[in-house]
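These are my notebook entries on one protein chain. I set down what I looked up, entry by entry.

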Amino acid sequence: MFPIPVMVGRRLLLGAPPGVIGEDALALLRRTGAMGLVLFRSNLTQPAQLRQHLTWLRECLGRPVVIAIDHEGGQVMRHLEGTAPWPGNYALGRVAEQDVPQAERWAEQVGWELGQELRALGIGWNLAPVLDVLGEQPNPGLGGRAFGSDPEVVTRLGLAMVRGLQQAGIVPCGKHFPGLGWAQVDPHHTLPRLDLSPSQLAAHWQPFRAAIEAGLPTVMTTHVLVPALDTENVMTFSQHTIQTHLRGELQFTGVCVSDDLQMGAMTDWGTMADMTLKTLQAGHDVALVGAQAEDWQAVLGRLSEAVDQGALPELEASLQRIAHLMSQADIAQVLPPTQDWQPATLLAAEIAQAAVRVVRDPQGWLPVKWPVRLYLPDVTPVADWVLFEPCWFAPAQMADLLGVPTAEIVMTFLDATRVCTSTREAGDTKAGDDCAADVFTTNVLILYDALRYPGQRRVLEELAHQGQPLVVVLVRNPGDVHLVPAGVTVVDAAGFRSPQVQQVGRVLRGEPWHFCAGG
């Protein structure tokens with residue numbers, strides 16, 4: 001096996017091998033000398049045992065190892081057992097439209113609670129919060145992951161969440177520099193290009209600047225082309241952007257980590273060895289590789305060769321920053337869970353109640369007359385990378401959460417080749433080419449990311465042209481509102497977690513509810 005100098009391995013953050021943390025993870029860390037692991041859903045199938053497994057891993061290695069995870073709340077959660085059903089950042093941004101101080105207090109509380117959830121698992125580094133400022137156009141990659149489009153609100157809520165995480169003993173990470181808010185494509189799949197002016201970039205950097213001034217310890221960059229910063233290089237390889245702007249202009253002195261080099265945006269940028277080297281040469285302290293590289297020996301050999309040739313800038317400074325992060329994350333990982341701590345489901349429900357909005361109701365269909373025909377999306381095709389609560393796979397449970405009597409439940413699909421499957425009675429399903437029509441029934445359409453999925457767009461178009469009473473509920477991407485005809489009632493759930501579904505039900509039923517500003 002190729003000898004691995006510490007100075008090479010410590011520059012890597014690797015995706016944990018699938019499944020329970022055990023011998024495979026230990027072998028990977030021993031082989032590469034990596035600073036740590038990023039955990040994914042398959043690693044948390046036994047969350048109650050994770051802390052014990054991670055303790056075993058550190059003891060076997062005989063050194064600190066950073067355990068990282070994306071635990072944002074809302075759309076991005078890796079497990080649900082022992083956690084609250086957090087509405088997400090966009091919901092907090094919705095609260096801020098009425099009461100910024102309350103949203104700020106709640107964001108700090110959420111950060112602390114997220115930190116407690118991670119402490120219970122033995123995880124020390126949270127790759128959150130999202131500090132992106134949304135643009136004017138719908139964003140398919142961020143959706144409800146961002147706090148909103150007002151730089152001041154994003155700054156205040158982002159800093160509050162950072163404070164909460166740190167108060168819980170967890171190392172936070174602001175992302176995605178230089179900002180994904182205006183992206184029109186998702187870098188998980190395709191490389192975005194952002195044609196922003198320097199003044200526009202300043203607005204996107206406001207949350208990062210403020211967080212860095214407040215001592216933000218880590219920043220994650222993103223895969224994006226920004227000609228105003230670098231006309232030739234993707235941001236991940238842009239030494240000018242990281243050294244001149246992030247390190248120089250914003251005076252960031254912490255650990256800079258790349259986003260996953262195996263995302264779709266990086267498909268055409270070379271081998272893993274090439275990309276890892278260019279990422280570190282650009283000024284990242286750490287290169288993140290989320291899945292298993294095809295040839296670690298080639299990656300590590302290329303990095304070792306660069307070290308021998310003096311081709312890795314600021315090597316010693318990066319290793320010092322990484323060593324500090326490893327010590328801080330290790331402290332967080334061995335902190336005992338807070339005594340008598342329980343998931344804050346009541347806080348999650350309060351945020352959901354304050355965030356759900358009636359966007360418009362031009363024909364006065366709210367409250368709805370029942371029984372309604374309820375259209376629910378079949379999210380099974382995306383369940384491998386978005387974690388849904390069990391109710392999403394049980395139509396009757398979803399109807400119960402909404403609390404609205406249903407004459408019929410109709411399943412819709414993401415793929416345009418299938419439109420609807422109608423379920424009239426429990427266990428009785430039939431396939432249909434067209435959505436059912438009944439002039440005496442209000443249609444309630446739970447719309448899941450119609451900007452991305454053509455099947456959802458097609459169902460929306462068909463129902464909108466039927467002329468029946470129609471209420472559209474946005475649950476995944478608030479930008480879907482741009483696809484809904486002006487005369488149609490729209491309710492923005494600000495997310496798809498169970499307390500948000502319940503609050504939508506209150507709106508549909510016309511039950512009084514109040515958001516107590518300043519409470």
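In which strand is His-176 found? I located His-176 in strand β5. I looked there on account of the backbone: the peptide bond from Lys-175 to His-176 is cis, with omega near 10 degrees. I note at the outset that the model is predicted.

**Entry: confidence**

I read a mean pLDDT of 91 for the protein, with 93% of its residues at 70 or more. I marked two stretches where pLDDT stays under 50. One is residues 425-433, for which I found 10 contacts beyond four places in sequence. The other is residues 515-519, for which the model has 13 contacts beyond four places in sequence.

**Entry: the sheet that holds β5**

I then followed β5 into its sheet, which is open, has 3 strands in the order β5-β6-β7, and pairs in the parallel sense. I recorded β5 and β7 (255-257) as the edge strands; each has a single partner strand, so one side of each lacks a neighbour in the sheet. The twist from one strand to the next averages 30 degrees.

For the pair itself, I found that β5 (residues 174-177) runs parallel to β6 (residues 218-221) and is joined to β6 over 3 bridges. Within this pairing, Gly-174 is opposite Val-219 of β6. I traced the chain from β5 to β6 through helix α7 (residues 198-213), and this β-α-β crossover is right-handed.

**Entry: the sheet of 5 strands**

What is the strand order in the open sheet of 5 strands? I read the order as β4-β3-β2-β1-β8, with parallel pairing. Why is one side of β4 and of β8 left without a neighbour in the sheet? β4 (125-126) and β8 (287-289) stand at the edges and have a single partner strand each, so one side of each remains without a neighbour.

I looked at β1 from both sides. Towards β8, strand β1 (residues 12-15) pairs in the parallel sense over 3 bridges. Here I listed Leu-12 opposite Ala-287 of β8, and Leu-14 opposite Val-289 of β8. Towards β2, β1 is again parallel and is joined by 3 bridges. In that pairing Leu-13 has Gly-36 of β2 as its bridge partner.

I also noted how α2 is placed against these strands. Helix α2 (residues 23-32) lies across β1 and β2 (36-38) and runs at about 130 degrees to β2. Together β1, α2 and β2 form a right-handed β-α-β unit.

**Entry: a helix pair**

Two packed helices are described by the angle between their axes and the distance between the axes. For helix α5 (residues 100-121) and helix α12 (residues 345-355), I recorded an angle of about 145 degrees and axes 11 Å apart. The crossing of α5 and α12 is left-handed.

Which residues make the contact? From α5 I listed Trp-106, Gln-109, Val-110 and Glu-113, and from α12 I listed Leu-347, Glu-350, Ile-351 and Ala-354. Sorted by class, this contact of α5 with α12 has 5 nonpolar, 1 polar and 2 charged residues.

**Entry: other backbone geometry**

I returned to the peptide bonds and noted a cis bond joining Ala-128 and Pro-129, where omega is about 15 degrees. Where is Pro-129 found? I placed Pro-129 in the loop between β4 and α6 (151-167). His-176, by contrast in placement, is found in strand β5.

My last item was Asp-449, which is not a glycine and yet has a positive phi of about 55 degrees. I found Asp-449 in the loop between β14 (443-447) and α14 (454-464).

Methods:
Residues numbered from 1 in each chain as written. Predicted model: local features only at pLDDT ≥ 70, side-chain atom pairs only at ≥ 80, totals over all residues. Heavy atoms only, no water. pLDDT = per-residue confidence, 0-100. Contact = heavy atoms within 4.5 Å. Pairing = 2+ DSSP bridges. Helix = DSSP H or I, 4+ residues; strand = E, 2+ residues; numbered from the N terminus. Right-handed = clockwise from strand over helix to strand, strands pointing away. Axes fitted to C-alpha atoms, helices over the stretch in contact; angles between N-to-C directions. Left-handed = near helix turned anticlockwise from the far one by under 90°. Nonpolar A, V, L, I, M, F, W, Y, C, P; charged D, E, K, R; others polar.
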